[in-house]
Amino acid sequence: MTTRSWWSAGAIGLVLLLVGALMYVLTSRQESRALDGELSRVLAAAEDVDDPPPRQFLARQRPGDQAVEVTPGASPELTRVLGRAVRGTPGRLDATAGDDRPVRVATERRPDGTRWAVAADLAPLRRRQGQLGLALLVAELAGLAGALVTATLLARRAVAPLATALGMQRRFVADASHELRAPLTVLHTRAQLLARRARDRPAERLAGQLDQLVADTRALGEVVEDLLVSAAAEHQPLPDTEVDLAEVAREVVASMSAYAAERQVELGWTAGGSVSGSPWCSTWRRHTGGPWR
């Protein structure tokens with residue numbers, strides 16, 4: 001996996017993390033506000049402390065009375081929390097009512113001087129917030145995994161054309177090395193022969209060999225052109241072309257004769273028959289100082 005893929009996956013993961021955190025904060029605030037609204041409605045409708053909604057407890061302090069009435073069944077710690085709240089400033093606070101039991105307490109003061117307080121268990125809210133956080137975490141991990149897979153696939157798809165191009169380049173180099181080796185060897189051999197013969201022969205007697213040297217360079221250029229055409233053929237089909245094989249054989253024998261003579265090998269060719277009306281090369285012959293074969 002490339003560095004760019006890691007950066008892409010990291011960026012996607014960061015975006016998912018920010019979105020998840022924002023969703024968690026907004027949802028938690030919305031639920032908290034809903035609970036506050038419910039506590040405000042309970043305080044507005046309360047007439048006595050004996051019948052609060054489920055999982056809630058009421059407290060009341062009458063004007064001029066120091067005693068605080070609390071819903072029966074409240075624990076001593078919760079009773080103390082409600083007593084402190086109903087004597088304090090009206091508002092909202094979160095507290096712990098023993099055994100790490102979180103509660104939210106809302107208080108108000110009515111026009112007749114009566115003070116009221118209501119406490120709600122925060123465990124359900126905390127539990128929902130935990131479930132929401134876990135769900136967002138799972139979604140974050142799944143999104144990050146999907147981003148990694150997507151980035152890997154995109155990276156492989158992006159690298160595939162480069163790998164194909166490299167493969168084509170290697171094949172072209174291999175083909176060029178194979179096709180150019182023989183013409184270059186012949187050209188080098190003919191140039192060596194001309195260099196040696198030029199020392200003791202007049203220039204006019206070397207004219208034919210110089211012409212053959214020029215022909216060899218032309219043939220080398222044709223090989224290079226064929227290689228380029230062959231490379232282009234991988235992208236588009238080549239047109240049909242008629243080739244005179246006998247002429248090709250004659251040119252090859254003429255080109256290779258100097259290289260063959262250097263190794264005491266004699267080359268010859270004959271033409272016979274036809275393919276679609278054109279003559280074609282029939283045989284190659286080698287001679288090594290003995291009879292033809």
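Tutor: Helix 4 gives the most to the negative patch, with three residues. Helices here are DSSP runs of H or I with at least four residues, strands are runs of E with at least two, and both are numbered from the N terminus. Keep in mind that this is a predicted model, where local features need pLDDT of at least 70, side-chain atom pairs count only at pLDDT 80 or more, and totals for chains, interfaces and linings use all residues. Residues are numbered from 1 along each chain as its sequence is written, and side-chain values use heavy atoms, with hydrogens and water left out.

Student: Which residues form the negative surface patch?
Tutor: Asp175, Glu179, Glu222, Glu225, Asp226, Asp244 and Glu251. Asp and Glu count as negative, Lys and Arg as positive, while His and the chain ends are not counted. Patch residues have over 30% relative accessible area and no salt bridge, and like charges are joined within 9 Å (nonpolar side chains, Val, Leu, Ile, Met, Phe, Trp and Tyr, within 5 Å). A salt bridge would be a side-chain nitrogen of Lys or Arg within 4 Å of a carboxyl oxygen of Asp or Glu.

Student: Which helices each supply at least two residues of the patch?
Tutor: Helix 3 (123-197) and helix 4 (207-232) do.

Student: Why does Glu225 count as exposed?
Tutor: Glu225 lies in helix 4. Exposed means over 50% relative accessible area, buried under 20%, and partly exposed in between (1.4 Å probe, protein chains only). Glu225 has 51% relative accessibility, so it counts as exposed.

Student: And what puts Ala85 in its class, buried or exposed?
Tutor: Ala85 is found in helix 2 (residues 76-87). Its relative accessibility is 6%, so Ala85 counts as buried. Across the protein chain, buried residues make up 26% of the 293 residues.

Student: How do you know that strand 3 and strand 4 pair?
Tutor: Pairing needs at least two bridges found by DSSP between two strands. Strand 3 (residues 91-96) and strand 4 (residues 102-109) run antiparallel and are joined by six bridges. One of the partners is Arg104 in strand 4, bridged to Asp94. Five residues lie between the strands of this hairpin, and Gly98 there takes a positive phi near 75°.

Student: What makes strand 4 and strand 5 a pair?
Tutor: Seven bridges, in the antiparallel sense, with strand 5 covering residues 115-121. Val105 has Ala119 in strand 5 as its bridge partner.

Notes: Accessible areas come from the Shrake-Rupley method with a 1.4 Å probe; for residues, only the protein chains shown count as cover. The place of a charge is taken as NZ of Lys, CZ of Arg, CG of Asp or CD of Glu.
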